[in-house]
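Subject: A structure for you to look at

Hi there,

I am passing on a structure that you have not worked with before.

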Amino acid sequence: MKFKGNAWRFGADIDTDRIIPARYLNTSDPKELAKHCMEDADPEFSKKVKPGDIIVADKNFGCGSSREHAPIAIKACGISCVIAKSFARIFYRNAFNLGLPILECSQAVDSIDEGNLIEVDIGRGVIKNITKKESYSSRPIPPFMQELIDAGGLMAKVKRGLRRGR
Amino acid sequence: MDGMTITEKILARHAGLRKVMPGDLIESNVDIALGNDITAPIAIKEFDRIGAAKVFNRNKVVLVLDHFTPNKDIKSAQQCKVLRDFARRQKIKYYFEGGDVGIEHALLPEKGVVVPGDVVIGADSHTCTYGAIGAFSTGVGSTDLAAAMATGKVWFKVPESMKFICKGRFRKWVSGKDLILRIIGDIGVDGALYRAMEFCGPAIESLSMDSRFTICNMAIEAGGKSGIIAPDRVTSSYVETRAQRRCVIYTSDAGAEYADVREYNCSKLEPQVAFPHLPENTRDITDIGNIQIDQVVIGSCTNGRMEDLRESARVLKGKKIAPYMRLIVIPATPSIYKLAMEDGLFEIFLNAGAVISPPTCGPCLGGHMGILAEGERALATTNRNFIGRMGHPKSEVYLANPAVAAATAVKGRIAHPDEVAKKVKRG
């Protein structure tokens, strides 16, 4: 899986209230959630994002609430991948369960500037900064998580199990 | 099973293994799978989408409509209807709304739905609260909940454990809230990332269940996967009249391994205040200067229990709140609501000028029942002070214990309870 897009920079400890404020949690419609993605950090964010763009954030991205609305909003507004130094654990699980690609890479986070054109090869864990002509390698995705991705997400895996059980 | 922590023992048992080690990937049986009116609609959609006909066990799936209820708008009402229809269709035993609803993490232990030795998952980050009765309990997303509702199982990476040995005696007006805020201040909002936080020592043993729930509730604010306290006599007397299932008591072995061990002397601890916009921005109350406050909220899954209401009433007795202050008191469950009323606390709150809300998560997450305007400041006994958490993105939230909250409501600025209730002796 390869993605190409421009980088949007965010700082450390971006919590899920910042990704999607609770005042919009009275719906779970991805299109509706996408409109308000990152609104309290940058009110114009959802209008400026182009399909394929990439979020690059510092440590502990997605901390706080368990709301799956956060990765849903990110995915639905066109973001192809999130790169951070680290992810909060519930967000990490949710992203894999939903099929939102995420990568941990401190070097990329320290080097990428807002607007840089980035190409990500998820399978190989390689992040290319086309603007700066640099390349970074991310921590490989753990094999178990890779299996989840290959299965098409958690529910696809569960569905197969249910069929077998019948 | 020697050399294991309480967390490893509970997970090993639920995975059908004799031993587990940190980093092991396991498939665990789930005793309780919890969802609320915000997270369950997505889970139910996923559950239906894969064609799962029945929940794995109708007595083990719990639905609590506590966040945007009583329904704050049409969209919220629609979400609640999804849960209600599902509960009817699946004959869910533990379904709570209306006059039965309380804030989920206060309600489930109170009703004995979660018991010591359980593995509990909840599509709510504060599910870690039940560690206080000696259960392994952690927050997940809606998709994990959907999978667990269908299969009764969940995958985990066995977490490393951090041990917090707490000694000394808590001073007057200092509680579990202050200890956990201090710990988060020391290790940071990702200081326990992916780890289990185990709290022990004489200071923990001296605490009531209510204070222990507060401590484990906020493990997530340090990034923790779970918080846990080994059951003791205090736990037993709490669960014996409530437990709906058999309790299993686990404790850590002497030879168990920890990724980190820290010691706290609680005798030195002062009331803590977490400044905007992260729970780690913790300061001693004596170091904060003059901070004017517009609204005080006493409630939430963190501090809406009986001890919290009693503590704030002790400060508020015979007092009036400051001009232009709004004080909102939210008893966490119907039982707490009733007891507070019978014990005369409502009279104290109402005479002071407080609003008493029905049990709801409401303002804690900026849902309803007390939203902040631009530039306003709240002091709350809740758990998070992120940007925009209780309303306008340019509002601020300070976190503290219920006694500090009460004193702040009286003074109109963040205040030490001693400033307001100097002559009141602790009962």
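**Strands of chain B**

Strand β8 (residues 161-167) of chain B runs parallel to β9(B), and five bridges pair them. Strands here are DSSP runs of E with at least two residues, helices are runs of H or I with at least four residues, and both are numbered from the N terminus. Two strands count as paired if DSSP finds at least two bridges between them. Within this pair, B:F164 sits opposite B:F199 of β9(B).

A word on the basis: this is a predicted model, where local features need pLDDT of at least 70 and side-chain atom pairs count only at pLDDT 80 or more, while totals for chains, interfaces and linings use all residues. Residues are numbered from 1 along each chain as its sequence is written, chains are lettered from A and ligands numbered from 1 in the order in which they are written, and side-chain values use heavy atoms, leaving out hydrogens and water.

As for confidence, chain B has a mean pLDDT of 97, with 98% of its residues at 70 or more; pLDDT is the predictor's confidence in each residue, from 0 to 100. The model's scores are ipTM 0.96 and pTM 0.97.

Back to β9(B), which spans residues 196-200 and is mostly covered, with four of its five residues buried. Buried means under 20% relative accessible area, with a 1.4 Å probe and protein chains only. Together with β8(B) and helix α6 (residues 176-187) of chain B, β9(B) makes a right-handed β-α-β unit: with the strands pointing away from the viewer, the path from the first strand over the helix to the second runs clockwise. β9(B) also pairs in the parallel sense with strand β10 (residues 226-228) of chain B, over three bridges. There, B:S226 in β10(B) is the bridge partner of B:A196.

**An open sheet**

Chain B also has an open sheet of five strands with parallel pairing, in the order β4-β3-β2-β5-β6. β4 (94-96) and β6 (136-139) of chain B are at the edges with a single partner strand each, so one side of each has no neighbour in the sheet. Inside that order, strand β2 (residues 32-36) and strand β5 (residues 119-122) of chain B run parallel and are joined by three bridges.

**Two domains**

An automatic or database domain assignment divides chain B into domain 1 (6-264) and domain 2 (274-417). Their contact takes 39 residues from domain 1 of chain B and 41 residues from domain 2 of chain B, where contact means heavy atoms within 4.5 Å.

Best wishes

Definitions and conventions. Buried < 20%, exposed > 50% of the residue type's maximum accessible area, 1.4 Å probe, protein only.
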